[in-house]
Amino acid sequence: MAGTPTDGASGTGEGCPLDVVSIHGAYARFVWTTLDRLGVREPDLEDMLQEVFVVVHRRLHTYDGSCRMTTWLFGICMRVAAAYHRKAYRRRERTVDEWEESLEGVASTSPEDDMAVRQASARLAKILDGMDLEKRAVFVMFEIDGLPCQEIAEMMGVPVGTVYSRLHAARKAFIEGLKRLDDDRRHGGKR
Amino acid sequence: MSDPVRWLESPDAPAGAKDLLRAARRVPMSPTVEARSAARVAELVTATTAAASKSVWWKWFAAAGSIGVASAWLVVTVIPRMHPERRAPLVAAVASSSESASNVHRSHDDSVVSFSSTGDGTANAVMVRPPPPMRTIARTIEHAPSDRSRNTDRGRQRQALLEEARRALYQSNDPRRALELARQHARQFPHDLEEEREYITVRALAGLGRSTEARSRGEAFLERYPHGIYVGPMRRFLSTLP
């Protein structure tokens, strides 16, 4: 699966020069992947990436090295993504369909398969959009990206037990969302 | 505690969940986007640095301006008050400091006193008194009236009148004119420089030949200003009257 937590980065802040240009060089892909995991849509990813590094530039003096750089960046990504979802709620509702339309290049063997993949992606996006960001992040990293819980815990700066509990809650929310979508489709609802 | 089994690998995954998870798609970051983002970040740093240096430059400019304004204020306001003799010329009084009739000139605040001989016209000595203590200066500034310029003009005028009277008496040898100016001064500034004015008046009266009146006013002067600066000269002058 595309995107590991340490894409283009060592994952630690040790030995990394503390200037925003260097941090961008080392962690830009990590930030990009994290924003993608947190539900920032493709057309907005570049802007949100820039937003994260504006915050990094402004708040770099507060980074004391007591945690991993990835953990610090993940916290910034969480706040930027939360603000993004608050501001872009209506746009997100509109862009789900656009996102569905934009699914090009997906490996498929036939038009029917292609359509099935598009529909599945759209449904997954709707279910994930129904979760809060922390649960969504844990679920995506564990179930989709295949990261171990220990690594997720270090990245988020929380105990591994918290990751387990969030994963449990996220799975429950996922099942409820899946059931809701099935009910809507069964009752002829559009969504 | 070990991680739970992933749904994609578990036979117990909810129905339909595996299909959705397999359809998940990550958006890769293209090198073009990465380069563009890096350029923006570099611009951000440059702009911030430029803004910071501009801010520092403005701080220095403001500090220099403040110092300049403060210096100008000191030069225009405070220093003239501390050294009024630099603006106001010596005004003075005239007195016989010896039997050869030396003149005594002093400024209106007694900070400078000069003695010169009337015989050959050369100055013999200049005594500069120390300036008043800073506390006095501060109090003077603190209680300075707002219409400072008007008071300055008034002070110059009262000094000029007595200066003119003194010139009329000693340089032009015109005691009538000196008396007239002294009386004008008394009308305009009845409570200012009274001792100096009265001394000129006595000398002018004597110059007009009104010796009795001059003596009478001179003796009244000695009673009124027993510790004044003109007591000695006045006594010596009265002793020369017929």
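A residue counts as buried when its relative accessible area is under 20%, as exposed when over 50%, and as partly exposed in between (1.4 Å probe, protein chains only). By this criterion, buried residues make up 50% of the 191 residues in chain A, and 34% of the 242 residues of chain B count as buried. The structure is a predicted model, in which local features need pLDDT of at least 70 and side-chain atom pairs count only at pLDDT 80 or more, while totals for chains, interfaces and linings use all residues. Residues are numbered from 1 along each chain as its sequence is written, chains are lettered from A and ligands numbered from 1 in the order in which they are written, and side-chain values use heavy atoms, with hydrogens and water left out.

Chain A contains 8 helices and 0 strands, giving the sequence pattern α-α-α-α-α-α-α-α. Helix α3 of chain A covers residues 69-87, 19 residues in total. The distance from its first C-alpha to its last is 27 Å, close to the 27 Å expected at 1.5 Å a residue; the expected span is 1.5 Å times one less than the number of residues. Of the 19 residues in α3(A), 15 are buried, and the helix is thus mostly covered. With contact defined as heavy atoms within 4.5 Å, residues 24 or more positions apart account for 63% of the contacts in chain A with a separation of 6 or more.

Chain B has 8 helices and 3 strands, arranged along the sequence as α-α-β-β-β-α-α-α-α-α-α. Among its contacts between residues at least 6 apart in sequence, 47% join residues at least 24 apart. Most residues other than glycine have a negative phi. B:Asn173 is found in the loop between α4 (148-170) and α5 (175-188) of chain B, and it counts as exposed because its relative accessibility is 62%. B:Leu193 lies in the loop between α5 and α6 (194-207) of chain B; this residue counts as buried because its relative accessibility is 19%.

At the interface, 34 residues of chain B are in contact with 46 residues of chain A. The two chains bury about 3600 Å² between them, with 63% of this area on carbon and sulfur atoms. Buried area here is the accessible area (1.4 Å probe) that two parts lose on being put together, summed over both. There are 5 salt bridges across the interface, each requiring a side-chain nitrogen of Lys or Arg within 4 Å of a carboxyl oxygen of Asp or Glu. In the salt bridge between B:Arg26 and A:Asp145, the closest N and O atoms are 3.8 Å apart. On the side of chain B that touches chain A, α1 (17-22) and α2 (31-82) of chain B each supply at least two residues. Helix α2(B) gives the most to this side, with 12 residues.

Terms used. Helix = DSSP H or I, 4+ residues; strand = E, 2+ residues; numbered from the N terminus.
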